[in-house]
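This report describes the secondary structure, solvent accessibility and selected side-chain features of one protein model.

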Amino acid sequence: MSEHESAPGAAPTPRRSIEETAETKFPRGLVVRLFAYLVAGHIFAGFLYLLFEVGGK
């Protein structure tokens with residue numbers, strides 16, 4: 001019996017939607033890295049802003 005055929009008398013299994021089969025969460029490492037980049041980016045932007053504020057006076 002091939003993998004596409006079901007056993008005789010067995011009800012065919014319904015296909016699942018893409019939402020049920022796909023992962024809905026991001027990998028933990030990606031979330032941590034994204035958070036770190038966002039925090040570091042804001043700190044760097046704040047530092048540049050401070051430099052321009054002090055240099056403009």
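## Accessibility classes and basis

Buried denotes a relative accessible area under 20%, exposed over 50%, and partly exposed in between (1.4 Å probe, protein chains only). The model is predicted: local features need pLDDT of at least 70, side-chain atom pairs count only at pLDDT 80 or more, and totals for chains, interfaces and linings use all residues. Residues are numbered from 1 along each chain as its sequence is written, and side-chain values use heavy atoms, with hydrogens and water left out.

## Overall architecture

Two helices and zero strands are assigned to the protein (DSSP runs numbered from the N terminus; helices are H or I of at least four residues, strands E of at least two). Of the 57 residues, 0% are buried.

The protein has an accessible surface of about 6,100 Å² (Shrake-Rupley method, 1.4 Å probe). Carbon and sulfur atoms contribute 65% of this surface.

## Helix 2

Helix 2 spans residues 28–55 and includes Phe47, which is partly exposed at 46% relative accessible area. His42 also lies in helix 2 and counts as exposed, with 60% relative accessibility. A polar atom of the His42 side chain lies 2.7 Å from the backbone oxygen of Leu38.

Note on methods:
Polar contact = N/O pair within 3.5 Å; in protein donor to acceptor, adjacent residues only side chain to side chain.
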